[in-house]
Amino acid sequence: MIIKANNKSLDLSKPHVMGILNVTPDSFSDGGKFCALEDALSQAQRMIDSGVTIIDIGGESTRPGAPEVELEEELQRVIPIIKAIRARSDVWISIDTSKAEVMRQAAIAGADIINDVRALQEPGALEVAAATGLPICLMHMQGQPRTMQANPHYDDLIKEVGEFLSERIAACEAVGITRDQLILDPGFGFGKTIEHNYHMLSRLEYFHQFGLPILAGMSRKSMIFKLLDKAPSECVAASVSCATIAAMKGAQIIRVHDFEQTLDAMKVVTMVCDNH
């Protein structure tokens, strides 16, 4: 499996680490740490030097209860850092946004992937994403970030997540986005209880039926810190454990805060799989 963008390609026959770079004041785990361009660029360089394949840049927190961010504010947060990273490196850059105009400007600035927690359901997002020609990650979420954890309910979690992703794939194909441009994210922590999340992790193989790359993002989320009754920043070992399980179950892209530790774990996973 290979994804392509901007005259480069990424071989997904082994798991890749996507490093999280939140240029937000209020993200649940690292909010405020990388708001200044210089700090964000330093963190990006640490990721690149460590061997992170993809840097995922987000300008709007999607934690439960997070306020919405105005378009201009989000653009001011993400476009300068995309340009700065692109000027220095050909590392894959992912823009974590649901806004069509942010997608459009990020693509112009040098982004390679659109990572949308709302799976291109916002006004104009499908059309703009199609026009960029970039790979797109479609994520499942029940509800909206501010209310998604109020009381999530499913009759059949795995089936319903699968049906949603199937519908969004069809919506993409209807506007000319081809399957080889799509990545799927079952949406750990987005409108799901702790039990829902671990059930989904245990059944992650189910999502391979689509024949598309799987992105798994569990790093420091409530499914981990509430289970352990610890602060998100104290959940490195458990986050790496979840990442390892996901990779062993075939997830090709692992989205994390603790990139150095996860990169080590992915080397072990790759070695095991190569010698299976």
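Student: Is Tyr206 buried, exposed or partly exposed?
Tutor: Happy to start there, keeping in mind that this is a predicted model. The relative accessibility of Tyr206 is 29%. Buried would need under 20% and exposed over 50%, so Tyr206 counts as partly exposed.

Student: And Phe207, buried or exposed?
Tutor: The cut-off for buried is under 20% relative accessible area. Phe207 has a relative accessible area of 0%, so Phe207 is buried.

Student: What kind of aromatic pair do the rings of Tyr206 and Phe207 form?
Tutor: Good follow-up: the structure holds one aromatic pair. The ring centres of Tyr206 and Phe207 lie 5.4 Å apart, with the planes at 85 degrees. Planes over 60 degrees apart count as edge-to-face, so this pair is edge-to-face.

Student: How do H3 and H4 run relative to each other, roughly parallel or roughly antiparallel?
Tutor: Helix H3 (residues 100-109) packs with helix H4 (residues 125-132) at an angle of about 10 degrees, and their axes are 8 Å apart. Angles under 35 degrees count as roughly parallel, so H3 and H4 are roughly parallel.

Student: How do the residues of that contact divide into nonpolar, polar and charged?
Tutor: From H3 come Ala100, Met103, Arg104 and Ala107, which meet Ala125, Val128, Ala129 and Thr132 of H4. Sorted by class, the contact residues are six nonpolar, one polar and one charged.

How values were computed:
Residues numbered from 1 in each chain as written. Predicted model: local features only at pLDDT ≥ 70, side-chain atom pairs only at ≥ 80, totals over all residues. Heavy atoms only, no water. Axes fitted to C-alpha atoms, helices over the stretch in contact; angles between N-to-C directions. Helix = DSSP H or I, 4+ residues; strand = E, 2+ residues; numbered from the N terminus. Parallel < 35°, antiparallel > 145°, perpendicular 65-115°, else oblique. Contact = heavy atoms within 4.5 Å. Nonpolar A, V, L, I, M, F, W, Y, C, P; charged D, E, K, R; others polar. Phe/Tyr/Trp six-rings, centres within 6.5 Å; stacked < 30°, edge-to-face > 60°. Buried < 20%, exposed > 50% of the residue type's maximum accessible area, 1.4 Å probe, protein only.
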